[in-house]
Amino acid sequence: MSFSNADTGDKPADPYKATNKTEPELKEKVEDLVAFIERCKFGMMTTRIESSGLLVSRCMALAAKEGGGIDLLFHTNTESGKTDDLHHDPKINMAFLDSEGQWASVSGQANIITDREVVRKYYSPTLKAWMGDLEDGKHDGGPEDPRIGIIKVEAKTATYAISSRGMLGRATQVAKGTLTGQPADVNKLREISEDELSQWRKENS
């Protein structure tokens, strides 16, 4: 059952979404999403805490992509709170936002990978700055350090909004909407379904 607090009859209750939502070909939808995530680089990873059921978000840097660009990989310390969260509930969300207000939300299923071949493939020497060297000959922040793992987010659905106009055009649309009550036409608001992402992964992996 959905939530509603208004009856707008035959008029859209969310005119912003009705005005800005676009449905281009799947190729354009996915490629624009992937390009935006690459530009952002950093995103907020949301997981669920087992003990309380509450949600928590952490800033993560994108390490790599698979599945034709839609499956996102992140380095992690396997001994951290987020791996505990994902061990109990692998459902996850990644959110990206830039300084212009463009955003993307990717929901999916997480897998914690500790296979050394995979870790070596995506290893970065800068991980030493975050892992530290425990000086025991094993936990040194190198590619064989067992604390270093990969969180792979297999995308299930995605929603994003990227600008359809330049800064001046957006300002004009907002000013017009403020005066007239017409929704501002400023973004390309798009949704990618689980079936669409599965199709893309199958055709592009």
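This report walks through a helix contact, some strand pairings and several salt bridges in a predicted model.

## Two helices that cross

Let's start with helices. Two packed helices are described by the angle between their axes and the distance between the axes. Here, helix H2 covers residues 26-40 and helix H7 covers residues 194-204. Their axes come within 11 Å and cross at roughly 85°, so H2 and H7 are roughly perpendicular to each other.

Which residues meet where H2 and H7 touch? On the H2 side they are Leu 26, Lys 27, Lys 29, Val 30 and Glu 31, and on the H7 side they are Glu 196, Gln 199 and Trp 200. The residues of this contact comprise four charged, three nonpolar and one polar.

## Strand E1 and its partners

Strand E1, residues 42-48, pairs with strand E2, residues 55-66. The two run antiparallel and are joined by seven bridges. To find your place along this pairing, look for Gly 43, which stands opposite Met 60 in E2. E1 and E2 form a hairpin, with six residues between them. In that turn sits Gly 53, whose phi is positive, at about 80°.

E1 also pairs with strand E4, residues 91-97. This pairing is antiparallel too, with three bridges.

Side chains of opposite charge can pair when their charged atoms come close. How many salt bridges does a search of the whole structure find? The count is 15.

Is Arg 190 buried or exposed? Arg 190 is buried, with a relative accessibility of 2%.

Another salt bridge joins Lys 152 and Glu 66, at 2.9 Å from N to O. Lys 152 belongs to strand E6 (residues 148-163) and Glu 66 to strand E2, 86 residues apart in the chain. Lys 152 is partly exposed, at 24%, and Glu 66 is partly exposed, at 23%.

Finally, look for a network of salt bridges that links Asp 71, Glu 154, Lys 156 and Arg 201.

How values were computed. Residues numbered from 1 in each chain as written. Predicted model: local features only at pLDDT ≥ 70, side-chain atom pairs only at ≥ 80, totals over all residues. Heavy atoms only, no water. Axes fitted to C-alpha atoms, helices over the stretch in contact; angles between N-to-C directions. Helix = DSSP H or I, 4+ residues; strand = E, 2+ residues; numbered from the N terminus. Parallel < 35°, antiparallel > 145°, perpendicular 65-115°, else oblique. Contact = heavy atoms within 4.5 Å. Nonpolar A, V, L, I, M, F, W, Y, C, P; charged D, E, K, R; others polar. Pairing = 2+ DSSP bridges. Salt bridge = Lys/Arg side-chain N within 4 Å of Asp/Glu carboxyl O. Buried < 20%, exposed > 50% of the residue type's maximum accessible area, 1.4 Å probe, protein only.
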